[in-house]
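Colleague: I am new to this structure and would be grateful for a guided introduction. May we go through it by question and answer?

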Amino acid sequence: MANTLIVYFSKSGHTKSIAQQIAQEISAPLHEITTQKTYPGSYVMTILESRREFKHNDKPALTSEPIADFSSYDRIILGFPVWFFTCPMAVVSWLEQYDFTGKEIYPFCTSGGSSCAKASAKIRELCPNANVHDGIKANTIDKARISEWLK
Ligand SMILES: Cc1cc2nc3c(=O)[nH]c(=O)nc-3n(C[C@H](O)[C@H](O)[C@H](O)COP(=O)(O)O)c2cc1C
C-alpha cells in the first residue's frame with residue numbers, strides 16, 4: 001500500500017473540495033500550496049496577473065509549510081486548477097522545492113473545460129526522475145473513479 005500525500009493549489013475552492021473528497025476516500029493527508037501574494041478576487045484581474053507570471057516565468061513565493069518527512073511518501077496526488085491550459089506557477093514553485101526521484105505523481109485538475117494534458121507534460125519536464133501519470137480532469141469525482149484512477 002503506497003504512502004500517499006495529497007497536495008493541491010486552489011484559488012477559488014473547486015480544486016480544494018475535490019482534494020478533500022479524495023483525502024476522505026483514501027484516508028491520506030492533505031497539504032495546501034499557499035502563496036505569499038493574494039491573487040485578486042476578480043476573475044479578470046487574476047487572468048491578467050497569471051498571464052504576467054507565465055510571460056515572465058515569475059514563480060510566486062510560497063507560504064505553505066515545508067512537508068516534514070517528504071521522503072517517506074511514495075505517491076503524490078497533485079491537484080490544481082488549469083490556468084492558461086496548464087498548471088499555475090504556484091505549482092511550479094512547489095515542485096521546485098522537492099526531490100521527486102522514484103515517486104509516483106498523479107496529477108488532477110479542475111477547469112472550465114481544458115484537459116490536464118499540457119500540465120502533465122510540464123510536470124514531467126519539472127520532475128524527470130518521477131513517474132508522472134497522465135493527469136485527469138476531475139471537476140467532479142466519486143469513489144469508483146478514485147479507485148479506478150489509483151489502482
Ligand atoms: C487565471 C485563470 C486562468 C484559467 N485558465 C483556464 C483554461 O485555460 N482552461 C480552462 O478550462 N479553465 C481555465 N480557468 C478556469 C479554472 O481552471 C476553473 O474555474 C477551476 O475549476 C478553478 O479552480 P479553483 O476554484 O480550485 O481555483 C482559468 C481560471 C483562472 C482564474
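**Questions on the predicted model**

Colleague: Which element gives the most to the shell around the ligand?
Modeller: This is a predicted model. In it, 21 residues surround the ligand, the closest being Ser10, His14, Thr15, Pro81 and Thr110. The elements that give two or more residues to this shell are helix H1 (14–26) and H2. With four residues, the element that gives the most is H2.

Colleague: How many residues of the shell around the ligand are charged?
Modeller: The shell divides by residue class, with seven nonpolar and twelve polar members. The charged residues number two.

Colleague: What distance should helix H2 span, and what separates its end C-alpha atoms?
Modeller: Helix H2 covers residues 43–56, which is 14 residues. The expected span is 1.5 Å times one less than the number of residues. For H2 this rule gives 20 Å, and the end C-alpha atoms agree with it, being apart by 20 Å.

Colleague: Which element supplies the largest share of the largest nonpolar core?
Modeller: This core has 33 residues, of which Val7 and Val91 touch the most other members. At least two residues each come from strand S1 (4–8), H1, strand S3 (75–81), helix H3 (89–95), strand S4 (104–110) and helix H4 (117–126). The largest share, five residues, comes from H3.

Colleague: In what order do the elements of the protein run from the N terminus?
Modeller: The protein has five helices and six strands. From the N terminus on, their order is β-α-β-α-β-α-β-α-β-β-α.

Colleague: What percentage of contacts between residues at least 6 apart in sequence join residues at least 24 apart?
Modeller: Two residues are in contact if their C-beta atoms lie within 7 Å. Among the contacts between residues at least 6 apart, the share that joins residues at least 24 apart is 77%.

Colleague: What is the radius of gyration of the protein, and what would a compact globule have?
Modeller: The C-alpha atoms fill a box of roughly 45 × 30 × 25 Å along the principal axes. A compact globule of 151 residues would have a radius of gyration near 15 Å. The protein agrees with this, at 14 Å.

Definitions and conventions: Residues numbered from 1 in each chain as written. Predicted model: local features only at pLDDT ≥ 70, side-chain atom pairs only at ≥ 80, totals over all residues. Near = placed C-beta within 6 Å. Nonpolar A, V, L, I, M, F, W, Y, C, P; charged D, E, K, R; others polar. Core = buried A, V, L, I, M, F, W, Y, C linked by C-beta atoms within 7 Å. Buried ≥ 20, exposed ≤ 12 C-beta atoms within 10 Å, placed from the backbone. Rg over C-alpha atoms; globule rule 2.2 N^0.38 Å.
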